Amino acid sequence: MSMISEILNKEDLNEEEIFSLLQTEDSDEVKLIYQKANEIRKVFCGDEVHLRGIIEFSNYCEQDCLYCGLRKNNLNLDRYRMSFDEIIQTAETIYGMGIQTIVLQSGEDFFFTGNMVADIISSIKSRFDVAITLSLGERSFEDYVLWKKSGADRYLLKHETASSKLYSTYHINQNLKDRVDHLYYLKSLGYQIGSGNIIGLPHQTIKDIAQDIILCRKLDLDMASFSPFIASPDTPYRKQKNADLNFTLKVMAVARIVLKNVHIPATTAIGTLDEYGREKALQAGANVIMPNFTPSPYREKYSIYPNKKCVKDNPLNCPACLENSINSLGRKMASGKGHSLKISASESLYR
Ligand code: SAH
């Protein structure tokens, strides 16, 4: 038996073993990795694919992340904030299409005070039977408490990289310890937590990626996202190479093998890197898709990176189009809120 198949037969993998899986380029071995990822995905998640509808309600950002098109120092970006009514109307559209998770995402925009966000959360929760995921960057611990009380269910805050050195290279005035502290605090409040990395950033090595997967395991995440870096114009990294598609898929598969009962999205970024990137990701361990419902003219302006998948399409066509491609893979659309795989069936029924 090859070393790779021996590793794949173990339940818990150490750093060295994760590294070996990530670095193999042997096509037979890579095939075995995808087979195992699919087997594990099927055991823990079944064939169902969950949809989460995203509303990107503000592209203002206080941070200056070197890779991100929303960075404060990008003066070429036309900034917007959606109104309260526009946000609620978009939530209604998402719910009306049968999607029961709404992701509220923005840059780190303190114009939206804790109370304003709390109003948005409680208004959505009182009108529609949905789970709410917040993805608003690092906010105060008081805000997190208030939003949980207002009905938020989940918080998505990517660790981006588990290397504290790289973290400080990419993020001006931010550090990895704070990021991780926020994640633990959110978890202690009862949020289902999502985190994850960006693959293919400058200076990053395979060892760093292995560390990312290990940090995800340590955080005991409910959702883990592994998305490819896409060079964004108007950022210091505009001339850097995009992530490699096959390596990104391999990272997702290895993450599924290591993390097991976690939701893993087929990200918009992988769909942007390759026309069939999301379908390929669903066959490499992923079980979630997050279609974008931000209305025009805002959606074009939430340009974290360029040419975002489906940005020119009418979001009303999303569910039918996604259902087609999900079915063509022999999978099916999930119904319900699609809570964490780590909470019991009866508990998730009453959330
Ligand atoms: N401000 C919030 C969320 C918005 S940004 C936060 O900080 O959590 C959402 C995600 O986009 C980031 O977490 C990052 O992982 C991703 N992202 C930003 N720029 C990117 C790029 N150039 N390529 C790929 N992903 C990128």
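Predicted model: local features only at pLDDT ≥ 70, side-chain atom pairs only at ≥ 80, totals over all residues.

Q: Where does histidine 171 lie, and is histidine 171 buried or exposed?
A: Buried means under 20% relative accessible area. Histidine 171 sits in the loop between H7 and H8. Its relative accessibility is 2%, so histidine 171 counts as buried.

Q: What does histidine 171 touch, not counting residues up to four places away in sequence?
A: Contact means heavy atoms within 4.5 Å. Histidine 171 touches Cys65, Tyr67 and Glu160. Glutamine 63 and histidine 171 are 108 residues apart in sequence, yet their C-alpha atoms are 7.8 Å apart.

Q: Which residues are closest to the ligand?
A: The ligand is surrounded by 18 residues. The closest are Tyr67, Ser106, Glu160, Ile230 and Ile304. Tyr67 and Glu160 are also among the residues that histidine 171 touches.

Q: Which polar atoms of the protein lie 2.9 Å, 3.1 Å and 3.2 Å from the ligand?
A: A backbone N or O atom of tyrosine 67 is 2.9 Å from a ligand nitrogen. A polar backbone atom of serine 106 is 3.1 Å from a nitrogen atom of the ligand. For lysine 158 the side chain is involved: one of its N or O atoms is 3.2 Å from an oxygen atom of the ligand. Taken alone, the ligand exposes 550 Å², and the protein buries 91% of that.

Q: With which residue does glutamate 160 form a salt bridge?
A: Look for a Lys or Arg nitrogen within 4 Å of a carboxyl oxygen of Asp or Glu. Glutamate 160 pairs with arginine 179, with the closest N and O atoms 3.5 Å apart. Glutamate 160 is in the loop between strand E5 (154-156) and helix H7 (164-170), and arginine 179 is in helix H8, so the pair ties together parts 19 residues apart in sequence. Both residues are buried.

Q: How many salt bridges are there?
A: The count comes to 18. One of them joins the side chains of glutamate 56 and lysine 308, at 3.1 Å from N to O. Glutamate 56 lies in strand E2 (residues 53-58), while lysine 308 is in the loop between strand E9 (288-289) and helix H13 (318-328), so this pair ties together parts that are 252 residues apart in sequence. Glutamate 56 is buried at 4% relative accessibility. Lysine 308 is buried too, at 9%.

Q: What other salt bridges does arginine 71 or Arg41 lead me to?
A: Arginine 71 forms one with aspartate 64, the closest N and O atoms being 3.4 Å apart. Arginine 71 and aspartate 64 are both buried. Salt bridges can also join up: Arg41, Lys42 and Asp47 are linked in a network.

Q: Where is histidine 182, and which side chain joins it in a polar contact?
A: Histidine 182 is in helix H8 (residues 176-188). Its side chain and that of tyrosine 144 are joined by a polar contact of 2.7 Å. With a relative accessible area of 12%, histidine 182 is buried. Beyond four places in sequence, its contacts are Glu138, Arg139, Phe141, Tyr144 and Leu157.

Q: How many residues are in the largest nonpolar core?
A: Follow buried nonpolar side chains from one to the next. The largest core has 98 residues. Those with the most contacts inside it are Leu104, Ile124, Leu134, Trp147 and Phe226. Helix H10 (residues 245-259) gives the most to this core, with 11 residues. Another core lies apart from it, with 6 residues, including Ile54 and Met223.

Q: What does tryptophan 147 touch?
A: Leave out residues up to four places away in sequence. Its contacts then include Gly114, Val117, Leu134, Arg139 and Tyr191.

Terms used: Residues numbered from 1 in each chain as written. Heavy atoms only, no water. Helix = DSSP H or I, 4+ residues; strand = E, 2+ residues; numbered from the N terminus. Buried < 20%, exposed > 50% of the residue type's maximum accessible area, 1.4 Å probe, protein only. Polar contact = N/O pair within 3.5 Å; in protein donor to acceptor, adjacent residues only side chain to side chain. Near = heavy atom within 4 Å. Areas by Shrake-Rupley, 256 points an atom, 1.4 Å probe, with all protein chains shown as cover. Core = buried A, V, L, I, M, F, W, Y, C linked by side-chain atoms within 4.5 Å.
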